[in-house]
Amino acid sequence: MAAAAGNVKTEEAPAQRPASAAKKIHYPFWFGGSASCFAAGVTHPLDLGKLVRALVRLQTRAPGAPKTMLGTFVHVFKNDGFLGLYSGLSASILRQMTYSTTRFGVYEELKSYFASSSSPPGLPTLIGMACFSGFLGGLAGNPADVMNVRMQSDAALPPEKRRNYKNAFHGLARMVREEGPGSLFRGVWPNSTRAVLMTASQLASYDTFKRFCIDVVGMSDNLTTHFTASFLAGFVATTVCSPVDVIKTRVMSASPAESHDGLMSLLRDIYRKEGVTWVFRGWVPSFIRLGPHTIATFLFLEEHKKIYRLIKGL
């Protein structure tokens, strides 16, 4: 009987090894950037629509300016054709190749370093790693981010005022030549701060929601779980970053009289006039943009990992 029991234990152990071994697979550093590039290709028109609408309404103030996302698409389609919806795509891809590759890659490396089979990193540790990764990603991706904004904003400008960059690399070369190397890092600190919040709320929350779905709810590690976790991560990321986006917009659009006394004075005035609801103004358009991108990014990332395991026979 004892021998039989011993045999049972030795037979069960190998069956459990693949599960623990799968947790220790070291995926390539560039997977996150690649997944983000695929996601950008799918969701780029949503980014363009949000930006064009904001620029047309806040800057040009044209009487016939579109006021809805659908109206923006129609406006761009009529004036620039179908490819106009993908204006600035090369800059968006370059941004993901720098910004997302760095933040995803560093985050996964740190997570792999601190992880153990008995106790995976908790939420506070995940948030700390994500903040550090996001900051580095913000630094690395700033030049492409500046170019992304410029190329997308061209669609909202009159033809005679457009910069007409041929592609992201052509635009970066012109910026350095015409404005100096410092122009590549314009707004780098606010951008890095937002990258910290975005990465912490997106990556750490996705891992937490995914673990909850599998360990607590009992869901399998499949497409349904990935979609659920990424949808919730997009919800969290939008909610966390929304106040920062609103503050940035208010500061940029404030009159000299409003901004004379500084940021805190401006925020107090907004709070007195609008209450706490100002914090989440524009949340729905932000989620329409960020939600699908978050979902697509993590779905593509999980597929990257699945294909990698198949190729490696893991």
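Phe-114 is partly exposed, with a relative accessible area of 47%, where buried means under 20%, exposed over 50% and partly exposed in between (1.4 Å probe, protein chains only). The model is predicted, so local features need pLDDT of at least 70 and side-chain atom pairs pLDDT 80 or more, while totals for chains, interfaces and linings use all residues. Residues are numbered from 1 along each chain as its sequence is written, and side-chain values use heavy atoms, without hydrogens and water.

A search of the whole structure finds 14 aromatic pairs, in which ring centres of Phe, Tyr and Trp (its six-membered ring) lie within 6.5 Å, with planes under 30 degrees apart counted as stacked, over 60 as edge-to-face and the rest as tilted. Two of them are tabulated.

| Pair | Centre distance | Plane angle | Class |
|---|---|---|---|
| Trp-30 and Phe-31 | 4.8 Å | 80° | edge-to-face |
| Tyr-113 and Phe-114 | 5.1 Å | 90° | edge-to-face |

Phe-31 counts as buried at 7% relative accessibility, whereas Tyr-113, at 64%, counts as exposed. Ring pairs also link Phe-227, Phe-231, Phe-235, Trp-283 and Phe-287 into a cluster.

Leaving aside neighbours within four places in sequence, Leu-301 is in contact (heavy atoms within 4.5 Å) with Phe-31, Gly-32, Ala-35 and Phe-104.
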